[in-house]
Amino acid sequence: VTSFFNLVLVHNTGAAFSFLSGASGWQREFFIGVTALALAVIVWMVRRHREEQLFCWGLACVAAGAVGNLIDRVSYGYVVDFLDFHAAGWHFWAFNLADSSITLGAGLLILDSFRPHPAATS
């Protein structure tokens, strides 16, 4: 598409950066279970911290990305990655929009961790 970006088709049976993609197949159910557990914890945390908007937005972005990847994993048995950035012979791992949402959410959570919170200041 450009000198630094390609659209590709990658069937990622692993997790982030293709972690465990070479496993014998058990990882599909494992990642589905981990995602379901993570979503339950996220829902619990959002309900518990409703007044902390940035924190909740971060969790919502992580949850949205997790659901997107979960849909792929349940439907196809793998996550479809298609965004490929590269420069000067270096390639970043292929990823998708759900991964971008998770990364944005993680960034918001990190940003939120630097903000003063009422319980911490009293």
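Colleague: Of the contacts in the chain with a separation of 6 or more, what percentage comes from residues 24 or more positions apart?

Modeller: A contact means that heavy atoms lie within 4.5 Å, and residues 24 or more positions apart supply 63% of the contacts in the chain with a separation of 6 or more. Please keep in mind that this is a predicted model, in which local features need pLDDT of at least 70 and side-chain atom pairs count only at pLDDT 80 or more, while totals for chains, interfaces and linings use all residues. Residues are numbered from 1 along each chain as its sequence is written, and side-chain values use heavy atoms, with hydrogens and water left out.

Colleague: How many helices and strands does the chain have, and in what order do the elements run?

Modeller: Helices (H or I, at least four residues) and strands (E, at least two) are DSSP runs, numbered from the N terminus. In this chain there are four helices and three strands, and, starting at the N terminus, their order is β-α-α-β-β-α-α.

Colleague: How does α2 pack against α3?

Modeller: Helix α3 (residues 97–113) packs against α2 at an angle of about 160 degrees, with the axes 7 Å apart, and α2 is therefore roughly antiparallel to α3 as well. Where these two helices meet, the residues include Gly 58, Gly 65 and Gly 68 in α2, together with Ala 98, Gly 105 and Ala 106 in α3.

Colleague: Is Phe 95 buried or exposed, and which residues does it touch?

Modeller: Buried means under 20% relative accessible area, exposed means over 50%, and partly exposed lies in between (1.4 Å probe, protein chains only). Phe 95 is in the loop between β3 and α3, and, because its relative accessible area is 16%, Phe 95 counts as buried. Leaving out residues up to four places away in sequence, Phe 95 touches Asp 81, Phe 82, Leu 83, Phe 85 and Ser 100. For the chain of 122 residues, buried residues make up 30%.

Colleague: Where does Trp 26 lie, by comparison?

Modeller: Trp 26 lies in the loop between β1 (5–12) and α1 (27–48), and its relative accessible area of 44% makes Trp 26 partly exposed.

Colleague: What should I notice about the phi of Ala 88?

Modeller: Most residues other than glycine have a negative phi. Ala 88, however, is not a glycine and has a positive phi of about 50 degrees. Ala 88 sits in the loop between β2 (79–87) and β3 (90–91), where it is exposed, with a relative accessible area of 90%.

Methods: Axes fitted to C-alpha atoms, helices over the stretch in contact; angles between N-to-C directions. Parallel < 35°, antiparallel > 145°, perpendicular 65-115°, else oblique.
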